[in-house]
Amino acid sequence: MQISSRRVLARLSLLLAVPLVGACGFNAQTDAVYQPAVGSNARDSQVDVLGAVVVSSTPGRGRFIATLSNESQSHSDKLTGIQSSGSTEATLSGDISITATGDVNLAKATPITVTGSKIDAVKSNFVTFQLTFERAEPVTISVPVVTATGPYQGYGAASTLTPNDVATKGSQGAFGQ
């Protein structure tokens, strides 16, 4: 009788252990790249666009902010244009160059002004942009419009932001270095 009760106990233990062991596996959520932030990421080109948002302090006007990261080991690159569909317009004024294996924080670079009816953070809008580069493939990214408060305070109206303002605000959120 002892032998059969041991077998029964072993089989019951095995039945109870299967669901516990079966829950262990690969492809855990922590193994995947994810972004616990407001901005959008695009990693499909030689230049990654990270933490992209449009910061708006007034409806109809804002500023495109992101970090551009050049993955090339040997070539520098340059942002040559930014376009959007519909009634939204982005104005690139100035030279935004990215060294090989370097990055550029657009919160600290020449402002990219965005205007249009979709630039209204109260409505939680998204705007799709296509960024073109001198060497890398174009990047298309859908970007949220956020209010110029909290870590985005002072970044909404490109015309009112000075290099000194950026230097005193420090690195925050998606702007970090």
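Two strands count as paired if DSSP finds at least two bridges between them, and the strands themselves (E, at least two residues) are DSSP runs, as are helices (H or I, at least four), numbered from the N terminus. Keep that handy for the tour. What you have open is a predicted model, where local features need pLDDT of at least 70 and side-chain atom pairs count only at pLDDT 80 or more, while totals for chains, interfaces and linings use all residues. Residues are numbered from 1 along each chain as its sequence is written, and side-chain values use heavy atoms, with hydrogens and water left out.

**Stop 1: the whole chain**

Show everything as a cartoon. You'll find two helices and 10 strands, in the order α-β-β-β-β-β-β-β-β-β-β-α. Of the 177 residues, 37% are buried (under 20% relative accessible area; exposed is over 50%, partly exposed in between; 1.4 Å probe, protein chains only). Taking contacts (heavy atoms within 4.5 Å) with a separation of 6 or more, 60% are between residues 24 or more positions apart.

**Stop 2: colour by confidence**

Colour by pLDDT, the predictor's confidence in each residue from 0 to 100. The mean is 80, and 75% of residues reach 70 or more.

**Stop 3: strand E4 and its partners**

E4 pairs with E6 in the antiparallel sense over three bridges; click Leu 79 and look for its bridge partner in E6, Ile 96. E4 also pairs with E9, again antiparallel, over five bridges. There, Ser 84 stands opposite Phe 129 of E9.

**Stop 4**

Centre on Val 49. Beyond its neighbours within four places in sequence, its contacts include Ala 66, Leu 68, Leu 131 and Ile 141.

**Stop 5: the aromatic pair**

Which two rings make the one aromatic pair here? Select Phe 64 and Phe 129: they sit edge-to-face, 5.2 Å centre to centre with 65° between the planes. (Rings of Phe, Tyr and Trp, its six-membered ring, pair if their centres lie within 6.5 Å; planes under 30 degrees apart are stacked, over 60 edge-to-face, the rest tilted.) Phe 64 is in E3 and Phe 129 in E9, so the pair ties together parts 65 residues apart in sequence. Phe 64 is buried at 0% relative accessible area, and Phe 129 is buried at 1%.

**Stop 6**

Buried or exposed: how does Asn 70 count? Buried, at 2% relative accessibility. Asn 70 lies in E3, and its contacts beyond four places in sequence include Gln 46, His 75, Asp 77, Ile 98 and Thr 101.

Finish on Thr 149, in the loop between E10 and H2. Thr 149 is partly exposed, at 47%. Draw a C-alpha distance from Thr 149 to Ser 56: it reads 9.1 Å, across 93 residues of chain.
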